[in-house]
Amino acid sequence: MKVVVGPDPSLIYRPDMGTEAAKDKGSFRNYTSGPLLDRVFATYKLMHTHQTVDFVRKKHAQFGSFSCNKMTVMEAVDMLDSLVDESDPDVDFPNSFHAFQTAEGIRKAHPDKDWFHLVGLLHDLGKVLALWGEPQWAVVGDTFPVGCRPQASVVFCDSTFQENPDLWDPRYSSELGMYQPHCGLENVLMSWGHDEYLYQMMRFNKFSLPPEAFYMIRFHSFYPWHTGGDYRQLCSQRDLDMLPWVQEFNKFDLYTKCPDLPDVDKLRPYYQELIDKYCPGVLSW
């Protein structure tokens with residue numbers, strides 16, 4: 001049975017890989033017009049209303065024991081075939097193809113960095129949350145720090161946070177909120193979704209990937225930071241040093257509309273070798 005997750009706002013307006021599409025970047029991630037705007041807005045309205053400090057802490061407690069399932073990485077990749085975003089009229093292939101497409105794009109550009117190839121395969125595996133009953137607004141979409149005032153580049157910032165109780169709590173409503181200047185993003189509570197879940201899961205299972213990989217996973221949907229240029233007041237020097245790596249990853253994290261889907265069966269042995277190297281065996285999810 002296919003579970004329709006339904007529009008993933010972080011995917012709908014991403015550009016194609018092709019050079020022709022790259023010529024008109026202004027038409028992508030367009031949150032002011034388009035046939036799906038109402039549904040995308042509704043998703044962010046729910047997200048920006050309910051993603052609070054209290055909510056995120058409860059989600060960490062709920063999922064932090066990683067007792068939902070026991071499975072290998074490749075089994076989780078296969079689970080993504082149950083998640084099809086039917087809101088995009090141009091794309092109807094399963095999420096697992098996006099995982100392999102991202103990985104292969106990175107492999108072509110960075111042939112000497114096998115860990116980077118694996119990040120491409122892994123990056124959206126946290127979307128298995130949707131199969132465990134989590135609402136879409138707590139799984140997909142752009143992420144942002146909770147516990148401080150949302151900054152200007154957060155999608156729909158001016159029209160979706162009015163009912164978020166943290167916005168009216170003096171502890172959380174200033175630019176810094178509950179944080180100290182340049183405290184470092186490792187000390188920031190991010191909104192809950194597939195990025196944060198997978199990052200914490202990788203730490204729990206002790207993936208032997210480099211720090212750059214963990215940054216890419218945790219912050220690839222943090223568009224207000226890596227693309228919008230906001231939240232610099234929270235960043236340490238280490239965050240700024242890692243930022244180019246996250247930006248490099250996002251060149252490949254594209255929901256392509258290319259009809260040439262990867263031959264997954266031919267690719268599996270290579271990526272299984274990487275899994276065996278960096279995150280082998282049955283893992284706790």
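This is a predicted model: local features need pLDDT of at least 70, side-chain atom pairs count only at pLDDT 80 or more; totals for chains, interfaces and linings use all residues.
Let me begin with a term: a cavity is a set of grid points where a 1.4 Å probe fits but cannot get out, and its lining residues have an atom within 4 Å of a point.

A search of the whole structure finds 4 cavities of 30 Å³ or more. The largest cavity holds about 100 Å³ of space. Its lining consists of 15 residues, and C148, P150, N164, D166 and L167 are the ones that lie nearest its centre.

I turn now to an annotated site. Where does UniProt place the feature "binding site"? The unreviewed UniProt entry places this feature at H194 and H220. These two positions are spread over 27 residues of sequence, yet they cluster in space, with a largest C-alpha distance of 10.2 Å.

Let us take H194 first. This residue lies in helix 9, which covers residues 194-204. Is H194 buried or exposed? Because its relative accessibility is 0%, H194 counts as buried. Setting aside residues up to four places away in sequence, H194 touches H123, D124, G126, K127, L129, V139, V140, H220 and S221. With one of these, D124, the side chain of H194 makes a side-chain polar contact of 3.0 Å.

The side chains of H220 and H194 are joined by a polar contact of 3.2 Å.

Finally, let us return to helix 9. How many of its residues are buried? The helix is mostly covered, with 9 of its 11 residues buried. Those buried residues are H194, D195, E196, Y197, L198, Y199, Q200, M201 and M202. Which elements cover them? The covering elements include helix 4 (53-63), helix 7 (114-122), helix 10 and strand 2 (283-284). After helix 9 comes K206, which has a positive phi, near 60°.

To close, I would ask you to keep the annotated pair in view: H194 and H220 carry the "binding site" feature in the unreviewed UniProt entry, and a polar contact joins their side chains.

Conventions: Residues are numbered from 1 along each chain as its sequence is written. Side-chain values use heavy atoms; hydrogens and water are left out. On a 1 Å grid over the protein atoms alone, a cavity is a set of points where a 1.4 Å probe fits but cannot get out, and a pocket is an open set with protein on both sides within 12 Å along at least five of seven lines; lining residues have an atom within 4 Å of a point. Grid points are joined across faces, edges and corners, and a volume is the space filled by probe spheres set on the points. UniProt positions are given in the numbering used here, feature names are shortened, and annotations may be inferred rather than shown by experiment. Helices (H or I, at least four residues) and strands (E, at least two) are DSSP runs, numbered from the N terminus. Buried means under 20% relative accessible area, exposed over 50%, partly exposed in between (1.4 Å probe, protein chains only). Contact means heavy atoms within 4.5 Å. A polar contact is a pair of N or O atoms within 3.5 Å; within protein, one must be able to donate a hydrogen and the other to accept it, and residues adjacent in sequence count only if both atoms are side-chain atoms.
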